[in-house]
Amino acid sequence: MMTSCRKHASLFSGMALYAGATLVAPALLWPQPVLAGARPPARVMSLNLCTDQLAMALAAPGQLASISFLARDPTLSPLYRQAQNFPVNRGLAEEVFLAQPDLVVTGTYSLHNTTGLLRRLGFRVEEFSFIQTVETIPEEIRRMGKLLGHEAVAETLAASFEAELQQVAAHQCPYRPVALVYDQNGIALGRGTLADSVLSVAGFRNLAAEAGVEGMAPFPLELVVEKKPDLIITPSGYEDAPSLGDRVPHHAALQMLKDSRIGPFVPSSAWSCGGPAVIEAVKVLAELRDEIASCSEAQ
Amino acid sequence: MRPAVLNPSLAVLALVLFLSSMAVGPADLGLSESIRGLFAGGGEAAAIIMREIRLPRALLGLGIGFTLGIAGAVLQGFLRNPLAEPGIIGVSATAAFGAVAIFYTGLAGASLYSLPLGALMGALLAVIVLIALAARTNSTLTLILAGVALSSLSGALTSLVLNLSTNPFASYEIIFWLLGSLKDRSMEHVILAVPLMAAGWILIAISARAVDALSLGEEAAASLGIHMGRARLFVILGVALGVGAATAVAGTIGFVGLVVPHLIRPLTNRLPSRLLLPAGLGGAALLLAADVAARLVLPAGELNVGVLTALIGAPFFLWLVVRAGREVFT
């Protein structure tokens, strides 16, 4: 799994920011050195796709100096439309130095060097863990709210997220259909990923996690056919920039699985980052779960 | 060895390896279960795995191996160069660049048909350049060096196009295009590539007699009534069609066309035309074996098959160079 992170980072430098959004490593939630009564930072820079989502949802107009360029990518960023309204950065220390923000928010993955350098230069840097599950999202929202000085907005957002999650959880039933998130190149999202926790909350078993996949890893096509999951979630793909990897989840062998529902039911951006938008993915999947196996029938 | 013995034995070898290829995969299918799946059909998992995943893979291994073997044999005969091979002289790499240039820029939509189209154009360009070059000089070395230049340039351009794609997953596919793989192919790829490869085989077979005559020298060939212009055209088109179609669906797989003709030539009467069929069958056997090994060596991740053919072929290439010594490089 870590090998795949490194590949991401070296082949396409921007992917480092994205990889931080989805991949898994030992959890370290930083302490929160927020001073009571301190004035909210006037200019904030976000260097990571995931902090982008939280910052865009919570910042006051004009407060967000720039966000990462990945925030504008529709396949990665749920708030890609909103992202058009902000200047973008490429996560470089130089850009931060030129912009002189009061606060930098970023992820804990792969930008360690940048973070260390920025701290040495005297910038205030707040890191968000890239271990994300549905359950950790409300806390992340509250933390970002506190950092930006908008606790009340954050509390409303976090509370409504928790309430909607409660509602979905109340509709759980004992029968849990099997699902698989089958991404470009036949990569499956396994244990420890945001997708795994979304599937679980929505009432599905994750085939990849049960087969022992940790994080993101290749999942052989033959095994998908053999295990016949009830639901296969395929990536939405890049319309104007094709790749061969896009075709693997649409292989003829999968089209022949008559009892499986296959399609881009949830946009790929839903798995990339834990933010308020994840609740939409949870709701869509919970509805699908009801269609596949309604609770009343199961009882 | 007489052709009546050599060809059937190589065909049996290729068949055995074809069946082994059908038996290898991550799904744990028993022998009877897989045979039933292959022939009985239906919506059972075993049937889908055998017919839609393993059969296309084995068919492509067979067809692409045959193409690379026969292309290597005809190029070595036609160019009178023992080191000629689609990979080494840059035809495969240029074909890969052609496919990449058309597919990833989205010029033809996301249609798979743009792959062979681009690959054929790339392969054709490379073969024309190389044959024009070979007509001007008799040096073995010049052709190989031109091939090195073509390969490096095409490889660099392939990487460039893939890195420039706005699809972040495209850069992963540099490995596929430079090292080749038969992973996760479907019947769609078989339908796309096999007819074009077969057309290439036919053109190469038609030019076989001319290649024989050519081994006596161009004047002698002309005096035998061989139309050299037509023979040249058929070899160019045959190699471009075959290697282009093969590369379009499997990426660059090197060295098969080099190793196989050399291994088999001592078993024939050394006439180029007699080498074509056994070289094709031998190429099929070698690629199928390499593809089986690629799945067994690294069952979880799967190795690129081009890595294995290079591991066998590159030392062999070196050995040929050392053995040939000065006499070849004049």
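Predicted model: local features only at pLDDT ≥ 70, side-chain atom pairs only at ≥ 80, totals over all residues.
Residues are numbered from 1 along each chain as its sequence is written, chains are lettered from A in the order in which they are written, and side-chain values use heavy atoms, leaving out hydrogens and water.

Let us start with chain A. Here five strands form an open sheet with parallel pairing, in the order S3-S2-S1-S4-S5. Strand S3 (88-89) and strand S5 (125-128) of chain A stand at the edges with a single partner strand each, so one side of each has no neighbour in the sheet. Helices (H or I, at least four residues) and strands (E, at least two) are DSSP runs numbered from the N terminus, and two strands pair if DSSP finds at least two bridges between them. Strand S4 (residues 103-107) of chain A is joined to S5(A) by four bridges, and A:Gly107 stands opposite A:Phe128 in S5(A).

Now look at the helices on this sheet. Helix H3 (residues 49-58) of chain A lies across strand S1 (44-46), strand S2 (64-68), S4 and S5 of chain A. Helix H6 (residues 112-120) of chain A lies across S4 and S5 of chain A.

A cavity is a set of points on a 1 Å grid over the protein atoms alone where a 1.4 Å probe fits but cannot get out; a pocket is an open set with protein on both sides within 12 Å along at least five of seven lines; lining residues have an atom within 4 Å of a point. A volume is the space filled by probe spheres set on the points, which are joined across faces, edges and corners. The second largest cavity has a volume of about 50 Å³. Of its 12 lining residues, the closest to its centre are A:Asn48, A:Cys50, A:Phe128, A:Ser129 and A:Gln132. H3(A) gives the largest share of this lining, three residues.

Back to the second largest pocket, with about 480 Å³ of space. Among its 23 lining residues, B:Gln76, B:Pro82, B:His262, B:Arg265 and B:Arg270 are the closest to its centre. H14(B) gives the most to the lining, with seven residues.

Finally, see where the chains meet. The contact (heavy atoms within 4.5 Å) takes 30 residues from chain A and 38 residues from chain B.

How values were computed:
Axes fitted to C-alpha atoms, helices over the stretch in contact; angles between N-to-C directions.
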